[in-house]
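Dear colleague,

Here is the structure I said I would pass on. My notes on it come below; please read them with the model open.

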Amino acid sequence: MTDPSPAHAAAQDLGVQALHAGYGEIKVLQGIDLVARKASITAVVGANGAGKTTLMQVLAGLITPSSGTISLSGTAIQAQPTHRRVAQGVVLVPEGRKIFPDLSVRENLLLGAVTARARPHRDETMEQVCTMFPRLAERIGQLGGTLSGGEQQMLALGRGLMAQPSVLLLDEPTLGLAPGIARQIFRIVPRLRDMGITILIAEQDLHRTLRIADYAYVLENGLVAAEGTGEALEQDPAVRRAYLGRD
Amino acid sequence: MLDTLLSGQLLFAAAVLGALYALIGLGLNLVYGTMRLLNIAHGDFLMLGAYGAFWWFTLTGISPLIALPLIAAGGAGIGLALYALVFRKQLATGLAPAVIEARSLLLFFGVSVVIQNVTALLFSATPRAYRHLDTVYQIGQTAMTGNRIASLLVALAILGGVLVFLNRTLFGLEIKALIQHREAARIVGINVSRVQIVAIALGFGSAAIAGGLLSMTEQVTPFMGFRFTIAAFVVIIMGGLGNILGGIVAGFLLAVIEIYAVTLFSAEARSILIYGAFVAILLISPQGLLGRARR
């Protein structure tokens with residue numbers, strides 16, 4: 001993926017206003033406002049249970065919010081089912097990878113490009129993904145479930161890229177990975193932004209995340225506790241509290 | 001003894017029955033795999049297909065083989081109506097698979113009772129049969145009736161067609177993906193309800209076709225479906241729930257057990273051996289012969 005393909009060129013921004021969501025009686029998000037600007041990296045950091053994964057799932061359409069709006073370049077999308085959002089380029093790389101264990105690496109990648117938006121570019125994107133992750137190219141015929149954790153994360157990321165994302169939602173992409181692979185993921189994310197993809201990343205690795213983020217939000221108990229540029233937040237005591245206060 | 005075991009006659013009988021079991025198992029597996037619906041009315045859709053074929057032949061005199069697409073469309077249509085009226089809402093609310101399984105079991109039990117009794121009211125409980133393609137062909141030591149040959153060929157063709165569809169097309173890949181990991185299927189952007197509609201049409205349509213084929217060689221009654229519902233469940237559990245290929249293998253295996261049990265022992269040994277083999281396989285390999293589809 002050395003040069004941005006046409007679909008990426010139309011970068012979009014993602015906005016969230018007064019978002020409330022939860023599971024039944026349990027309220028997790030209690031009024032979130034945030035913006036992921038076009039072709040930038042926006043980080044969502046916070047301790048376990050702060051609501052990061054719930055936020056990502058609501059944005060992807062896996063959970064229906066109880067109130068609030070989600071807008072993609074100004075158009076409200078909160079009522080749309082997941083497949084409609086993917087068709088517009090809002091693509092989730094989920095926590096825990098969620099690859100198809102009994103399908104081959106190739107089939108996993110092909111499934112990343114099921115939408116009409118992605119299908120015409122399928123073969124070239126597959127080549128680009130294989131260039132970006134040579135390990136996937138080596139294991140293209142293996143079953144997804146036989147890959148190591150790091151390889152599965154690459155597969156999940158590659159599958160997300162197959163969808164021609166304009167907004168990529170990365171949920172805990174380095175969780176449980178060996179340090180070397182985590183570093184590799186952190187190197188790739190800025191490259192994706194430079195290709196024109198808008199990135200919203202939820203992460204536990206505070207320092208590395210803030211270092212690559214253009215802008216960041218700190219989530220605490222389902223609310224935005226602090227926001228600012230990555231650098232500014234690294235100095236902020238509220239950030240330390242959000243992390244050390246709960247874990 | 002060995003002569004009996006290897007006789008073409010028994011193998012042919014097992015192949016005919018096995019192809020039917022594989023076909024009804026396939027339909028049940030598609031519906032279960034993509035929706036987690038436990039359709040215990042599956043055999044009743046087979047029964048409806050059998051009545052469809054019986055009445056078609058009785059009224060028009062034209063071979064029911066010609067009417068199979070129509071019979072399949074009828075089965076698919078009833079399945080889709082059930083989906084639209086009963087299950088779409090249930091599935092859309094994001095219930096846990098276990099809850100869907102439990103509710104669908106009860107709902108389909110009701111559907112089964114209604115279908116059986118409405119059929120008995122309309123057509124009476126009298127067994128019906130007709131003669132079609134019953135010429136006997138002798139190949140070597142093996143005598144085969146035309147209708148059994150036709151039944152075997154049609155069932156094999158449908159099984160082959162569905163396997164090619166699942167393994168060679170993008171839509172087939174989407175079906176397999178949904179069976180394997182529901183949430184991941186949503187995440188990659190698969191239109192889940194569209195896949196479910198196709199699975200319903202395939203699942204119920206193939207059950208009706210199996211009934212149409214069976215009607216050429218067996219008596220048709222409103223209550224004939226139960227035996228096949230049980231067989232279909234044994235087949236998909238033996239093959240691994242949601243495992244399409246495993247189900248097909250298990251269908252043939254079950255038929256071999258059944259045919260040989262009846263021949264070597266007695267008709268009573270049939271159910272003992274079927275359930276014995278079923279329990280034994282579950283004890284040895286709880287995920288079925290070829291493993292269960294995950295989630």
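Gly94(B) comes after helix H4(B) and has a positive phi, near 70°. Helices here are DSSP runs of H or I with at least four residues, strands are DSSP runs of E with at least two, and both are numbered from the N terminus. H4(B) itself covers residues 64-92 and has a kink of about 55° centred on Val86(B). The bend at a residue is the angle between two fitted axes, one for the seven residues ending there and one for the seven starting there.

A word on conventions: this is a predicted model, in which local features need pLDDT of at least 70 and side-chain atom pairs count only at pLDDT 80 or more, while totals for chains, interfaces and linings use all residues. Residues are numbered from 1 along each chain as its sequence is written, chains are lettered from A and ligands numbered from 1 in the order in which they are written.

Chain B, inside

Ala76(B) is also part of H4(B). Ala76(B) counts as buried because it has 23 C-beta neighbours inside 10 Å. The cut-offs are 20 or more other C-beta atoms within 10 Å for buried, 12 or fewer for exposed, and partly exposed in between, with C-beta atoms placed from the backbone. Apart from neighbours within four places in sequence, Ala76(B) is in contact with Ala201(B), Phe204(B) and Gly205(B). Contact means that the C-beta atoms of two residues, placed from the backbone, lie within 7 Å.

Leu202(B) sits in helix H9(B), residues 192-214. It is 126 residues from Ala76(B) in sequence, but their C-alpha atoms are 6.9 Å apart. Leu202(B) counts as buried because 24 C-beta neighbours fall inside 10 Å. Neighbours within four places in sequence aside, Leu202(B) is in contact with Gly27(B), Leu30(B) and Val162(B).

Val162(B) also takes part in the contact between H2(B) and H6(B). The axes of H2(B) (residues 8-35) and H6(B) (residues 146-168) come within 9 Å and cross at roughly 40°. Axes are lines fitted to C-alpha atoms, for helices over the stretch in contact, and angles between N-to-C directions run from 0 to 180 degrees. The crossing is left-handed, meaning that the near helix is turned anticlockwise from the far one by less than a right angle (clockwise would be right-handed). Among the residues in contact are Ala15(B), Ala19(B) and Leu23(B) of H2(B), and Arg148(B), Ser151(B) and Leu159(B) of H6(B). By class, the contact has 13 nonpolar residues, one polar and one charged. Ala, Val, Leu, Ile, Met, Phe, Trp, Tyr, Cys and Pro count as nonpolar, Asp, Glu, Lys and Arg as charged, and the others, Gly among them, as polar.

Where chain B meets chain A

On this interface, 16 residues of chain B are in contact with 22 residues of chain A. H7(B) (170-180) and H8(B) (182-187) each supply at least two residues of the chain B side, and H7(B) gives the largest share, six residues. That side has seven nonpolar, four polar and five charged residues.

Chain A

Chain A has an open sheet of six strands in the order E6-E7-E8-E3-E9-E10, with mixed pairing. Two strands pair if DSSP finds at least two bridges between them. E6(A) (90-93) and E10(A) are the edge strands, each pairing on one side only. Neighbouring strands are turned by 20° against each other on average, direction ignored.

E3(A) (residues 41-45) and E8(A) (residues 198-203) pair in the parallel sense over five bridges, with Ile41(A) partnered by Ile199(A). Helix H8(A) (residues 179-194) packs on the sheet, touches E3(A), E7(A) and E8(A), and makes about 155° with the direction of E8(A).

E9(A) (residues 215-220) and E10(A) (residues 223-228) are antiparallel and joined by five bridges. Leu219(A) has Val224(A) as its bridge partner. Their hairpin has two residues between the strands, and Asn221(A) takes a positive phi near 50° there.

E1(A) (residues 14-23) and E2(A) (residues 26-36) are likewise antiparallel, with eight bridges, and Tyr23(A) stands opposite Ile26(A). In that hairpin, Gly24(A) has a positive phi near 60°. E1(A) also pairs with E4(A) (residues 67-72) in the antiparallel sense over five bridges, where Gly15(A) stands opposite Ser71(A).

Regards
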